[in-house]
Amino acid sequence: MQPTIKVAGIDQCISFVDIITTNVSQAIEKETELGAKEIQKRERSLAPVKTGRLRKSIVNRKGKYGISRMVRAKAPHAPLQEYGTKRGVKGKYFARKARDQLLPGIQEKIRTAVRNEVRR
């Protein structure tokens, strides 16, 4: 004889999981966008200034896959300023500094947002 399991309220359970999943992904997306704006602002403040083109070229946009944002400098000389050259230009590492300073706080904000959505 095979055991039989009866589950009551499975539709409610599935509906609850769908709502939680939607709310959590929206919370993550919101915090990711705010974090990217924060990093963009910090990168602009750390970027070296001669003409201002480098600072103006720092943008953030939505990533192609999943919930992601990308902050980057579009100016052609941005990699030279970030990493330096073999011919004597020392790297400023403005993007790395901004990420290193802000990323732990942004990750904690995302964790808190997820916790708040799950506890509702």
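Predicted model: local features only at pLDDT ≥ 70, side-chain atom pairs only at ≥ 80, totals over all residues.
## Surface and charge

Residues are numbered from 1 along each chain as its sequence is written, and side-chain values use heavy atoms, with hydrogens and water left out.

As for charge, the chain carries 28 positive and 11 negative charges, and their mean positions sit 13 Å apart. Lys and Arg count as positive, Asp and Glu as negative, with His and the chain ends not counted. Each charge is placed at NZ of Lys, CZ of Arg, CG of Asp or CD of Glu.

## Overall build

You'll find 4 helices and 2 strands in the chain. Reading from the N terminus, the order is α-α-β-β-α-α. The radius of gyration is 22 Å, well over the 14 Å that the globule rule gives for 120 residues, so the chain is more spread out than a compact globule. (Helices, H or I with at least four residues, and strands, E with at least two, are DSSP runs numbered from the N terminus; the radius is taken over C-alpha atoms, and the rule is 2.2 Å times the number of residues to the power 0.38.)

Along its principal axes, the C-alpha trace spans about 80 × 30 × 20 Å. Of the 120 residues, 25% count as buried (under 20% relative accessible area; exposed is over 50%, partly exposed in between, with a 1.4 Å probe and protein chains only). Among contacts with a separation of 6 or more, 50% come from residues 24 or more positions apart; contact means heavy atoms within 4.5 Å.

## A buried serine

Ser57 belongs to helix α2 (residues 53–57). Its relative accessibility is 12%, so Ser57 counts as buried. Leaving aside neighbours within four places in sequence, Ser57 touches Arg72, Ala73, Lys74 and Ala75.

## Two tyrosines

There is 1 aromatic pair by the rule used here: rings of Phe, Tyr and Trp (its six-membered ring) pair if their centres lie within 6.5 Å, and planes under 30 degrees apart count as stacked, over 60 as edge-to-face and the rest as tilted. Tyr83 and Tyr93 make an edge-to-face pair, 6.5 Å centre to centre with 75° between the planes. Tyr83 lies in helix α3 (residues 78–83) and Tyr93 in the loop between α3 and α4 (94–119), so the pair ties together parts 10 residues apart in sequence.

Tyr83 is exposed, at 55% relative accessible area, whereas Tyr93 is partly exposed at 30%.
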